[in-house]
Amino acid sequence: MRTEQIALLLLLCVARHSALRVTRRTIARGAAVAWTPICIANVAKTLASGGPESPHGVAKREMIADTIAGPGRSVLEVGIGANRNALLYPPSTRLVGLDATEPDARAVARAAGLADFSFVRGRAEALPFADATFDAVVTTLVLCSVDDPGAAAREIARVLKPGGRYGFVEHVAAPEGTWLDRQQRLLDPLQQRVAHNCHLHRDIDDMLLASAGPGRPFREVLRCARYVDEDMWPISQQVSGVLVR
């Protein structure tokens, strides 16, 4: 474990269990201040990952290859942000990016190699598209921060054409009882405050797997597997998968 992780966890433990009324709030505030730069640094590392040596980057490339089943597909990426996945799509892709905030110039520039790119502002839980609009939908590190992941999954299924695919790479709750599980549970409330509602300890994979089957939003699970990217602590436990509408 890194030195800054140990220091922060000790600080939070004291804040959580201290019986001193005066110091509990002070220590909690100190923990928030201490965690913010660590959180920012880890988010920056997360966004910069994607090289061939990165488990997260490999997972994204393989997921998009499995999700985009042919040339000229219409694809929605929910939570597109700065469009960092643009180079992973086939050049003939017609990509629509959705995000809660307006895109910056980098998002547009990165889409230059695609057949078509457009941006729509909106929320994952209420996608502003008609039923059966897209051949594929993609999310990467998005469902951690939406208010209702289940509603987002239902909306994704709704806008997919029959037989369309939903590909995802998301961080998830660590296995119960592990050291990472304890870290995530301890840091989760603070993470939500300083990282735009990012929840460290959501069982996103279980929720998505439960959404596939007879009478459910998705017809089948094409694949779904967990992996670990240690460099992305505390979101090192991740899952990659593809569901079929």
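**Close-up views of a predicted model**

**View 1. The buried residues of helix 6.** Helix 6 buries Leu 180, Asp 181, Gln 183, Gln 184, Leu 186, Leu 187, Asp 188, Leu 190 and Gln 191, where buried means under 20% relative accessible area, exposed over 50% and partly exposed in between (1.4 Å probe, protein chains only). Helices are DSSP runs of H or I with at least four residues, strands are runs of E with at least two, and both are numbered from the N terminus. This is a predicted model, in which local features need pLDDT of at least 70, side-chain atom pairs count only at pLDDT 80 or more, and totals for chains, interfaces and linings use all residues. Residues are numbered from 1 along each chain as its sequence is written, and side-chain values use heavy atoms, leaving out hydrogens and water.

View 2. Just past the helix, His 196 has a positive phi of about 55 degrees.

**View 3. The setting of Pro 217.** Look for Pro 217 in the loop between helix 7 (204-210) and strand 6 (220-228). Pro 217 is partly exposed, at 24% relative accessible area. Leaving out neighbours within four places in sequence, Pro 217 contacts Arg 154, Ala 157, Ser 211 and Arg 245, a contact being heavy atoms within 4.5 Å.
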